[in-house]
Amino acid sequence: MFRPDSLPTPLAAVLEQVRDWTDPGASSPLPAGSPEERAAWVAGLQQLRDAVDATMLSAVAAFDAAGDGEVLHGAASTPSWLRGALGLAPGDAAERVRLARGTRDLLDEPAERLREGSITYDHLRSIERAVRHVPAAQQGEAVALLSDLAGSASVADVRTAGRQLRLVADPDGTLAECEQQFDRRYLTLAPRLDGITALDGLLDSESAALL
């Protein structure tokens, strides 16, 4: 794991402050005394987490654009550096870089909303996943629509709206994808000697909803 000898002063100060909140040996404001205070802490920490994610995307975008991973440690790519240096899972590393690159153009609006705290990191991920399969000419409009929706809707609602947008924008491609998912379905029940049954399978979205 990559651990710098020192962190930038503002970052080090914030990190120390946050760690002190849960340090049993420090004077911590946690836990708060009333349900309202505890709820405010949970909501505020979620906002802090989203703000950190927004800042992380900006930092990764700059790091990636400069090719710093290759320069510092000879990594093959930025996702490779994130996996090796920070221990991120392959899928998470690839997604973070994809989102970071998107914030420089297509995803600049939802990224700004994430920074402001009006949407969450999961909203941003859902928007990116949805528009990735929309024809390029319609991606900008799709991002704007989903960003507006995300300000007042749940992540699940944004995902549903994204699927609908894909269906309207590219019905042939959506139908082909649904057919591929349908063909890949399988469900296996394997009784074990101890009486437990092991379950394994893949389901398309309609089958999963029915189950």
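This is a predicted model: local features need pLDDT of at least 70, side-chain atom pairs count only at pLDDT 80 or more; totals for chains, interfaces and linings use all residues.

Colleague: Over how many bridges do E1 and E2 pair?

Modeller: Helices (H or I, at least four residues) and strands (E, at least two) are DSSP runs numbered from the N terminus, and two strands pair if DSSP finds at least two bridges between them. Threonine 188, for one, stands opposite aspartate 200 in E2. Strand E1 (residues 186-191) and strand E2 (residues 197-202) run antiparallel, and their bridges number six.

Colleague: Which glycine in the turn of that hairpin has a positive phi?

Modeller: E1 and E2 make a hairpin with five residues between them. The residue in the turn with a positive phi, about 95°, is glycine 195.

Colleague: And how many residues of E1 are buried?

Modeller: Buried means under 20% relative accessible area, exposed over 50%, and partly exposed in between (1.4 Å probe, protein chains only). E1 is hardly covered, and among its six residues the buried count is zero.

Colleague: On to the pockets: which helix gives the largest share of the lining of the largest pocket?

Modeller: The search runs on a 1 Å grid over the protein atoms alone: a cavity is a set of points where a 1.4 Å probe fits but cannot get out, while a pocket is an open set with protein on both sides within 12 Å along at least five of seven lines, and lining residues have an atom within 4 Å of a point. The largest pocket is lined by 28 residues, with Leu7, Leu11, Leu15, Met56 and Leu86 nearest its centre. Two or more lining residues come from each of helix H1 (9-21), helix H2 (35-66) and helix H4 (78-86). The largest share, nine residues, is from H2.

Colleague: What volume does the largest pocket have?

Modeller: Grid points are joined across faces, edges and corners, and a volume is the space filled by probe spheres set on the points. For the largest pocket that gives about 1,300 Å³.

Colleague: How many charged residues are in the lining of the second largest pocket?

Modeller: That pocket holds about 650 Å³ of space, and of its 22 lining residues, Arg163, Arg166, Cys178, Gln181 and Ser205 are closest to the centre. Ala, Val, Leu, Ile, Met, Phe, Trp, Tyr, Cys and Pro count as nonpolar, Asp, Glu, Lys and Arg as charged, and the others, Gly among them, as polar. In the largest pocket the lining has 22 nonpolar, two polar and four charged residues. In the second largest pocket the lining has four nonpolar and nine polar residues, and its charged residues number nine.

Colleague: Is histidine 123 buried or exposed?

Modeller: Histidine 123 sits in helix H7. Leaving aside neighbours within four places in sequence, histidine 123 is in contact (heavy atoms within 4.5 Å) with Ala150, Ala153, Ser154, Val155 and Val158. Because its relative accessibility is 7%, histidine 123 counts as buried.

Colleague: Which arginines is glutamate 95 in contact with?

Modeller: Glutamate 95 is found in helix H5 and is buried, with a relative accessible area of 6%. Leaving aside neighbours within four places in sequence, its contacts are Arg125 and Arg129.

Colleague: Last one: how far apart in space are histidine 73 and serine 152?

Modeller: Histidine 73 lies in helix H3 (residues 68-73) and counts as partly exposed at 45% relative accessibility. Histidine 73 and serine 152 are 79 residues apart in sequence, and C-alpha to C-alpha they are apart by 43 Å.

Note on methods: Residues are numbered from 1 along each chain as its sequence is written. Side-chain values use heavy atoms; hydrogens and water are left out.
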